[in-house]
Each structure stands twice: as structure tokens, then as C-alpha cells.
Amino acid sequence: MPRLNEHYLNLKESYLFSEIAHRTAAYAEQNPQKGAQIIRLGIGDVTKPLGKVVLKALHEGVDAMSTAETFKGYGPEQGYEATRNAIAAYYKKNGVEVDPGDIFVSDGAKSDTGNITDLFGPGNVILIPDPVYPVYVDTNIMCGNEVTYLEGNAGNQFLPMPDPGVHADVIYLCSPNNPTGACYNKAQLKEWVDYALSNDAVILFDSAYEAFVSDPELPRSIFAIEGAKRCAIEFCSLSKTAGFTGTRCGYTVVPKELKFRASDGTEMSLNAMWNRRQCTKFNGTSYIVQKGAEVVFSEEGIRECQENIQYYKKNAKVIADTLSRLQIPFFGGINSPYIWFECPDGMDSWTCFDYLLTNIQVVGTPGAGFGENGKNYFRLTAFNTYEKTVEAMERFEKLFASL
Ligand SMILES: *Cc1c(COP(=O)(O)O)cnc(C)c1O
């Protein structure tokens, strides 16, 4: 009998999306007329189709596979040079210098943020925000690691800051944040970088929503902060940027400056380790997908992606404006597709879910699904259509104005 990785026994069952689906379906079955009116503002996936330039490049990628002269077999595990150069140029456009040799193209940020635990040994002090994207906690539990939570709350605008009195080795940050939509400014990230440098720690920075940042004062990359190349790895994704949730492509930047000492004093490079890890366990992102990804970063590609992002952000503004008028405290909604509001009347997040479903047939996501600190909060997303978003928020405003 194989001995199993019993750390899996320590994973909490994730009931979130199945429970939402279950409650919604049960309501619709018992109330067919009202059930037909349900509007989903809990969608955690993009809804707009791929842009024209991306589609054209994907087709060209497929066509290349059709002749022996242009056929592509195994590609470089790190990604094709053209894709990596396009990503480096995109960074440069946003004011950040990144060496294409530090960029690793992958099938998405979920894989990379999950697989990165391969580089770290046992016994680290690992800081993970609460609430946050559940992948970081679960992948650490799978390794048997202990996690220390960084408390996000209204008091710190859901942007936890380092405690200089507490040592850490590995720090996960996600900005703009899923689920709260909160975004660190440069001074705050500088504080994190300084803290990491003084602790000899590494920051694992998830920048999956960087393309939603429109405020030029807000950093879209941790590498906009001086010193970050000596203490940070950055994860990016084309999922929310370019609608690649089903097409699959992401990239991770592991700077060559990132070096730490082994217990015997040997210097180890995280770039070299990640390269080794990827070459051993990953055989590269599909050529066809990388053809599509490359043009996402072209002038035309950026313009097309921004059109969709602006559409989602207009929806986010409808939601944010409604909450503002109702004086319901909320976070996000500006540089993010997510709006995180405090459940009115002291409701907990599942009570709020039922209240919205049964009274106005609007479905969102209870904050409890993202951590202990989410239990009195609720996430709405901007990925439905403008028309549905407006209608949902009209119902929402009527309901809470009469409360
Ligand atoms: C959506 C999302 C990702 C992207 O994952 P992919 O695997 O690239 O689709 C990464 N991090 C966060 C916080 C996300 O919300």
C-alpha cells in the first residue's frame, strides 16, 4: 500500500462555488418565475471573446503546424524568445526593466503560484493574507507547511502591512487583490520590499490584475519598487488581461539577482532553481497559444484588451457608485473588476447571499469563501454585461434604500 501525502487531510473542503450553485438552483426550482430573473454578479471568469489580433495570430499558429517546414514540436521550456521579448517590451512600456531571460512563460498563474512551493524547504515562516485567492494557502498545506495569516480588514483597507517585529521567510502578496480589489501603492510596496530585504525573505507577488490598474501612481509590478529584484518573484497572467482563462497562458519573472544561501553556505539562485524545476516537470506552453500571447503585447493587442477591460471597469463603476450612494462601505471597484462590500445590517456573508438571492435575485460570492476575515463581506464582480449589471444594481438600490 502506498503511503499517501496525508497533508491532503488537512485541506479544508471548498464548498464555496458548489454551495452557491446549489442554493441558487434550489431557489430557482422552488420559485421558477423569480428564478428566471436571476442575475449573476459572482462570475469569477471573463466573458468577452478574444480580440481580433489574438485570433489572427492563433490561426497563424495553427497554420504553421500544417507544413513540415513550419511545424513546431517541443519548444523551449521557458517559452519562445519572441514571446519573452514581447513581455519584456510590455514591462518597459509600463516603466519597468525586466530581462527576457528572467521571464518564464507558462500555462497560467495558478500553476506557477502553486508550483513555486517546490523551491522552498520546510520550516519557513510563511505569510499569507486573509482574505485572499485560496491557491496560496492550499498549496502550502499540501506540502505540510504552516501558514501565518496577514490580517486584512477595514482598518488597513484590506492591505495588510509588515510588522517589523515579526520575522518572515516567504510572503505572498496579491495586488490588485482578489477578492477585495484593494491595490497597494508604491510607498506600501516599498515598505514590503524593505521588510523582505531586511529579513532576507522572498515576496511572491501575484499581479494577475495589473492590466486593471489605470491610476498611473499605482504600481502594476513589484519591480517598479527599488530593490525588488533582490527579493521578489512576480506572477502574471493573460487570463484577466486578455481573456485567456480558457486559452491558458501566464508568465513568471524570477530575477537572476534573487539569491539565497543554503544551510551549508552554498549560494542558490531562485532563477536557476525555477529553470531546473520547469525543465524537469514542464514541457513548455503550446506554440499556438504563445503566438496568440505574443500579440497581446503589441500596440493593437493592448488596445483590444483595454477595450474589454474598460467595459468591465464601467460595470465595476456602476456597482461602486450604487454602494457609495447607499453609504455601504466597500473596497476595490476602481483598479479592479472586484467590489468587496461590508454586508449591511451586520449580516454574515451567507445570510447576505440568501438575502440578495431571495429578495432581488442577485447572486454574488460570500466573503467567507476567501478566509476568516471575509465572513462579513461580499464580493461582486464586473464580468456580467453592462445591462445586467445596471439592472442588478437598480434592484440592489431599491432594496437597501427601503431598509
Ligand atoms: C485569476 C487569477 C489568477 C490567474 O490564474 P490563471 O491560471 O492564469 O488563469 C492568478 N491569481 C489570481 C489572484 C487570480 O484571481
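How do the residues in the lining of the largest pocket divide by class into nonpolar, polar and charged? In this predicted model, the lining of the largest pocket has 20 nonpolar, 11 polar and 13 charged residues.

## The largest pocket

The largest pocket has a volume of about 1300 Å³, and of the 44 residues that line the largest pocket, Val 132, Tyr 133, Pro 134, Gly 369 and Phe 370 are the closest to its centre. Several elements of secondary structure supply at least two residues each to this lining, namely helix H1 (16–30), helix H5, strand E3 (126–130), helix H6 (135–142) and helix H8. Of these, H6 gives the most to the lining of the largest pocket, contributing five residues.

The ligand has 14 residues around it, of which Tyr 209, Ser 237, Ser 239, Lys 240 and Arg 248 come nearest. Taken by class, this shell consists of six nonpolar, four polar and four charged residues.

## Polar contacts and cover

For Asn 178, a polar side-chain atom lies 2.9 Å from an oxygen atom of the ligand, whereas Lys 110 takes part through its backbone, with a polar backbone atom 2.9 Å from an oxygen atom of the ligand. On its own the ligand has 380 Å² of accessible area, and the protein covers 93% of that area.

## The second largest pocket

The second largest pocket has a volume of about 380 Å³. It is lined by 15 residues, and those closest to its centre are Leu 119, Phe 120, Asn 124, Phe 260 and Arg 261. Strand E9 (259–261) and helix H9 (270–281) are the elements that give two or more residues to the lining of the second largest pocket. By class, the residues of this second lining divide into nine nonpolar, three polar and three charged.

How values were computed
Residues numbered from 1 in each chain as written. Predicted model: local features only at pLDDT ≥ 70, side-chain atom pairs only at ≥ 80, totals over all residues. Heavy atoms only, no water. Near = heavy atom within 4 Å. Polar contact = N/O pair within 3.5 Å; in protein donor to acceptor, adjacent residues only side chain to side chain. Areas by Shrake-Rupley, 256 points an atom, 1.4 Å probe, with all protein chains shown as cover. Nonpolar A, V, L, I, M, F, W, Y, C, P; charged D, E, K, R; others polar. 1 Å grid on protein atoms, 1.4 Å probe; cavity = no way out; pocket = protein on both sides within 12 Å on 5 of 7 lines; lining within 4 Å. Points joined across faces, edges and corners; volume = space filled by probe spheres on them. Helix = DSSP H or I, 4+ residues; strand = E, 2+ residues; numbered from the N terminus.
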